[in-house]
Amino acid sequence: MPNALRDDVYRRPLATALERLGIGPGWRCVDVGAGAGDVSVALAEIVGHDGRVYAVDSDPRARDEAASAASAFAQVLAITQAAEDLLLPEQVDLAFCRFLLMHVIDPELVLNRMCRVVRPGGYLVAQEPITSAGRVNGAHMSMPHARHPDVGAMLPSLVRATGAAIVDAWAEAPAGAGPGVVANYLASLTGVEPGNDSVVLPPLVTVVGRVSGPAHGDK
Ligand SMILES: C[S@@+](CC[C@H](N)C(=O)[O-])C[C@H]1O[C@@H](n2cnc3c(N)ncnc32)[C@H](O)[C@@H]1O
């Protein structure tokens with residue numbers, strides 16, 4: 001799936017999350033499972049030259065893509081590292097992931113690792129889908145290759161289990177009918193043009209957690 005398209009369709013949930021978080025210049029962040037770097041670039045634009053964004057991905061090709069997407073931002077450092085082994089040279093104000101936990105073996109372990117790199121009082125934010133809640137012409141969507149396609153439905157309790165306090169949580173789903181970004185996104189995902197059918201893309205659940213100390217259920 002082209003990343004720019006995903007970014008376009010799911011930009012509103014990302015913008016909502018960053019706005020509610022109150023992120024600003026100078027923040028230090030990590031974008032875990034950064035992929036092509038769409039979220040990293042969005043963070044870099046906000047934190048500015050005094051901030052820092054670690055774009056972490058287990059796939060070395062993603063590091064190259066993220067580094068190239070963020071080439072105009074010296075504050076972005078692209079790193080090849082598995083989320084399960086997340087280790088940074090400093091603690092950060094915000095650890096963020098989007099469309100990552102649905103692919104990892106153990107989402108709880110990854111959230112705990114993310115918590116560990118956040119300074120006390122900093123934030124843990126995850127955005128993950130409930131794939132089967134998406135509908136095309138009323139029928140359920142599915143994503144057979146993802147390990148946890150519906151992990152978004154469990155996200156509030158997963159974040160709470162780390163010991164972080166939930167300060168905000170909500171779900172948003174792009175929807176449409178006829179030509180447009182929603183139809184294009186679905187066609188790029190499935191290869192099927194929805195025509196004028198109603199499309200409700202998988203809701204993206206966002207959970208904002210505040211980290212008070214080391215993760216409770218640390219593995
Ligand atoms: C669907 S992409 C999401 C990219 C980006 N977060 C976004 O929202 O545009 C998932 C990314 O997670 C990465 N990933 C999967 N498992 C990982 C792991 N265990 N540790 C770190 N990155 C991982 C993949 O390489 C891929 O780049």
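User: Which residue of β5 is the bridge partner of Ala95?

Analyst: Within β5, Ala95 has Leu124 as its bridge partner. The model is a predicted one, in which local features need pLDDT of at least 70 and side-chain atom pairs count only at pLDDT 80 or more, whereas totals for chains, interfaces and linings use all residues. Residues are numbered from 1 along each chain as its sequence is written, and side-chain values use heavy atoms, with hydrogens and water left out.

User: What makes β4 and β5 a pair of strands?

Analyst: A strand is a DSSP run of E with at least two residues, a helix is a run of H or I with at least four, and both are numbered from the N terminus. Two strands pair if DSSP finds at least two bridges between them.

User: Why is β5 described as largely enclosed by the rest of the structure?

Analyst: Buried means under 20% relative accessible area, exposed means over 50%, and partly exposed lies in between, with a 1.4 Å probe and protein chains only. In β5, 10 of the 12 residues are buried, and therefore the strand is largely enclosed.

User: What makes a set of residues a nonpolar core, and which residues touch the most other members of the largest one?

Analyst: A nonpolar core is a set of buried Ala, Val, Leu, Ile, Met, Phe, Trp, Tyr and Cys residues joined through side-chain atoms within 4.5 Å. The largest such core has 43 residues, and those touching the most other members are Val30, Leu101 and Met114. Several elements each supply at least two of its residues, among them β1 (28-32), β4 (92-98), α5 (107-116) and β11 (204-210). The largest share, four residues, comes from α5. Contact means heavy atoms within 4.5 Å, and Met114, leaving aside its neighbours within four places in sequence, is in contact with Val32, Leu86, Ala95, Phe96, Cys97, Leu124 and Val125. Apart from this core lies another, of 26 residues, including Val39, Ala42, Phe96 and Tyr123.

User: Why is the pair of Tyr10 and Phe99 given its particular name, and how many aromatic pairs are there?

Analyst: Rings of Phe, Tyr and Trp (its six-membered ring) pair if their centres lie within 6.5 Å; planes under 30 degrees apart count as stacked, over 60 as edge-to-face and the rest as tilted. By this rule there are three aromatic pairs. The ring centres of Tyr10 and Phe99 are 5.2 Å apart and the planes stand at 70 degrees, so this pair is edge-to-face. It links distant parts of the chain, since Tyr10 is in the loop between α1 (3-9) and α2 (11-21), while Phe99 is in the loop between β4 and α5, 89 residues apart. Tyr10 has 1% relative accessibility and so counts as buried, and Phe99, at 15%, counts as buried.

User: Which cluster of rings includes Tyr185, and why does its pair with Tyr10 tie together separate parts of the sequence?

Analyst: Ring pairs link Tyr10, Phe99 and Tyr185 into a cluster. Tyr10 and Tyr185 are 5.7 Å apart centre to centre, with 80 degrees between the planes, which makes their pair edge-to-face. Because Tyr10 lies in the loop between α1 and α2 and Tyr185 in helix α7, the pair ties together parts that are 175 residues apart in sequence.

User: Is Ser157 buried, exposed or partly exposed, and where is its place?

Analyst: Ser157 has its place in helix α6, and its relative accessibility of 40% means that it counts as partly exposed.
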